[in-house]
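Please keep the sequence and the structure at hand while reading.

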Amino acid sequence: PTIFNLLGPLTNPAGADRQLLGAYDRALGARMAETLARLGATRAIVVTSHDGLDELSTTNTNLMHEVHEGTVTARVLDPAALGLARATFDQLSVSSLDEAAGLFRSILSGEAGPGRDIVLLNAGASLMIADCVGSIGEGIELAREAIDSGRASATLDALIETTQDAG
């Protein structure tokens, strides 16, 4: 981790006013959230999982600093409280890009398991930040429906086709 891991998301040239960011250090997560609030973020969450991951994790609880309407609120999120099973690092680890792509495709095809759970958790938070839903739990359900209906996989296929055609 370097200062660029922190500065990159905070200086996003796209001017994103809604973000889900990871911080590799809890104290820095609070500072990043305060900075986002001062920069005028509409809604953001800066997260550090208690297992050291810089994303929402299902292997442990997560410390979240939520920015909403200029205010930063810290809270702990336990994925188990949202009905997601606790995972281990080994269950979530991949050793190659091909293995990661295969896991992602299996998740989008509806395969249950730890990979799907961590995707649902992060998607649920992203949907809440986008104001598509009122809570992370509702976001998880919306993401689950998108996967189970095949819409998520179809969207990925369309993106792949579009980007291949553009190249």
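The model is predicted. Helix H7 covers residues 151–166, and helix H4 covers residues 97–108. Going by 1.5 Å a residue, the 16 residues of H7 should span 22 Å, and this agrees with the 22 Å between its end C-alpha atoms.

| Helix | Residues in the H4–H7 contact |
|---|---|
| H4 | Phe-104, Arg-105, Leu-108 |
| H7 | Ala-152, Ser-153, Leu-156, Asp-157, Ile-160 |

By type, the residues of this contact are 5 nonpolar, 1 polar and 2 charged.

Which residues of H7 are buried? They are Ala-152, Ser-153 and Leu-156. Viewed down the axis of H7, the buried residues fall within an arc of 100 degrees, so they line one face of the helix. Their cover includes H4 and helix H6 (136–148). On the face turned away from the buried side, H7 carries the exposed residues Thr-155, Thr-162, Asp-165 and Ala-166.

The loop between strand S4 (71–77) and helix H3 (89–92) contains Gly-83. Gly-83 is exposed, with a relative accessible area of 64%. In sequence, Gly-83 and Leu-36 are 47 residues apart; in space, C-alpha to C-alpha, they are 30 Å apart.

Conventions. Residues numbered from 1 in each chain as written. Predicted model: local features only at pLDDT ≥ 70, side-chain atom pairs only at ≥ 80, totals over all residues. Heavy atoms only, no water. Axes fitted to C-alpha atoms, helices over the stretch in contact; angles between N-to-C directions. Helix = DSSP H or I, 4+ residues; strand = E, 2+ residues; numbered from the N terminus. Contact = heavy atoms within 4.5 Å. Nonpolar A, V, L, I, M, F, W, Y, C, P; charged D, E, K, R; others polar. Expected span 1.5 Å × (residues − 1). Buried < 20%, exposed > 50% of the residue type's maximum accessible area, 1.4 Å probe, protein only. Arc of directions from axis to C-beta.
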